[in-house]
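Biologist: I'd like to learn how to read a model like this one, feature by feature. Please start with whatever you would look at yourself.

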Amino acid sequence: MNRTAKGLLVVALVAVVGMAFRVSWNALRDVATATGADATAATLYPFVVDGLMALALVATLVLTGDARRFALRVLAGYTLASLVLNYVHGLVPELHGRAVDWSRLADWAPANWALVLLATSLPVGSIYFGSDLVAKVLHHQPAPVTDQDEISQPTANRLGSDLHESAPEAPTVAAELPAPESADPLPDIEPVASAPTLAVAAAESAPRRATGRVPESARTPRPTRTPEQLLDEARSVTADWSDGELTAEAIRKAVRTSSANGRTLRDTLKAERAQEPDEAAA
């Protein structure tokens, strides 16, 4: 259906619902008057019953799950109540002329009590059920679409069919020609792996990086060197260094130690070199 046809359908539905409400409004007003309502309350009474039916119908179109079933129960309950009251209005002709006694909708007392209870409880139920339905509609959040298979599958099928149809047929002329007798048999050619296969194999063979903190039990402990070992290593490394090259940073990098140890080793080595000439002169 196009947009114009849909619009006409909605207008026709609104017209039918409006006429049906007018017919039901007359019966519900007379029933409300018979149960003791004044003129203003009797005029508003049909909106309480049939109006909540319309609200419950809209809620069933919006809600889902348990909330939707609750709205359907409210719609069914108020529809049945309106039907009963309209039926009673048709059975009691005195209601049409407002000549019936107050709170008297049936000759049998238990039936009259049940009808009066039904008619007087509908406004209270409209307050409760109407508020609950509005709260459910306002707090309703539609579930997001997370499954992308239904979207990607038609595209994949369409692309696959297009590729299949557009693939050229292999020529058959070469197959009809006889092969030369003196031709040497061709060597077997190994199949070449496709690009996705090569990419997967490369990814599997590549070393994996650690994605988290390595536990202490899995770490390789660093060797701990004493100050005498550090000094002996620094002496052997800087044996052929000049005094200008003997700096704390150079020593630190050479023996792989901290900056503080590098300064200490520098001062110790310079002090040893300063003592060497004195010992030689003595």
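Biologist: Let's start with a single residue. Where is arginine 256 found?

Modeller: Arginine 256 sits in the loop between α10 and α11 (259-281). The helix labels come from DSSP: helices are runs of H or I of at least four residues, strands are runs of E of at least two, and both are numbered from the N terminus. Before we go on, remember that this is a predicted model, in which local features need pLDDT of at least 70, side-chain atom pairs count only at pLDDT 80 or more, and totals for chains, interfaces and linings use all residues. Residues are numbered from 1 along each chain as its sequence is written, and side-chain values use heavy atoms, leaving out hydrogens and water.

Biologist: What about the phi of arginine 256?

Modeller: The general idea is that most residues other than glycine have a negative phi. Arginine 256 is not a glycine, yet its phi is positive, about 55°. This residue follows α10.

Biologist: And is arginine 256 buried or exposed?

Modeller: Exposed, because its relative accessible area is 72%. The scale goes like this: buried is under 20% relative accessible area, exposed is over 50%, and partly exposed is in between, using a 1.4 Å probe and protein chains only.

Biologist: Which residues are buried in α10 itself?

Modeller: In α10 (residues 248-255), those are Ala248, Ile251 and Val255. They lie on the same side of α10 because they cover an arc of only 65° around the axis. That arc is the one spanned by the directions from the helix axis to the C-beta atoms. The idea behind it: an α-helix has 3.6 residues a turn, so residues three or four places apart point the same way.

Biologist: Let's zoom out. How many helices and strands are there in the protein chain?

Modeller: The protein chain has 11 helices and zero strands. Buried residues account for 21% of its 282 residues.

Biologist: What is the mean pLDDT of the chain?

Modeller: It is 77, and 66% of the residues reach 70 or more; pLDDT is the predictor's confidence in each residue, from 0 to 100. Over residues 173-177 the pLDDT is below 50, and beyond near neighbours in sequence this stretch has zero contacts in the model. A contact means heavy atoms within 4.5 Å.

Biologist: Now packing. At what angle do α1 and α2 pack?

Modeller: Two packed helices are described by the angle between their axes and the distance between the axes. For α1 (residues 3-34) and α2 (residues 39-62), the angle is about 120° and the axes are 8 Å apart. That makes α1 oblique to α2. Among the contact residues are Phe21, Trp25 and Leu28 of α1, and Tyr45, Phe47 and Val49 of α2. On the conventions: axes are lines fitted to C-alpha atoms, for helices over the stretch in contact, and angles run from 0 to 180 degrees between N-to-C directions. Under 35 degrees counts as roughly parallel, over 145 as roughly antiparallel, 65 to 115 as roughly perpendicular and the rest as oblique.

Biologist: How do α2 and α5 pack?

Modeller: α2 and α5 (residues 109-138) pack at about 25°, with axes 9 Å apart, and are therefore roughly parallel to each other. Residues that meet there include Leu52 and Leu55 in α2, and Leu122 and Phe129 in α5.

Biologist: And α3 with α5?

Modeller: α3 (residues 65-91) and α5 pack at about 155°, their axes 11 Å apart, which makes α3 roughly antiparallel to α5. Phe70, Val74 and Tyr78 of α3 are among the residues in this contact, as are Leu118 and Leu133 of α5.
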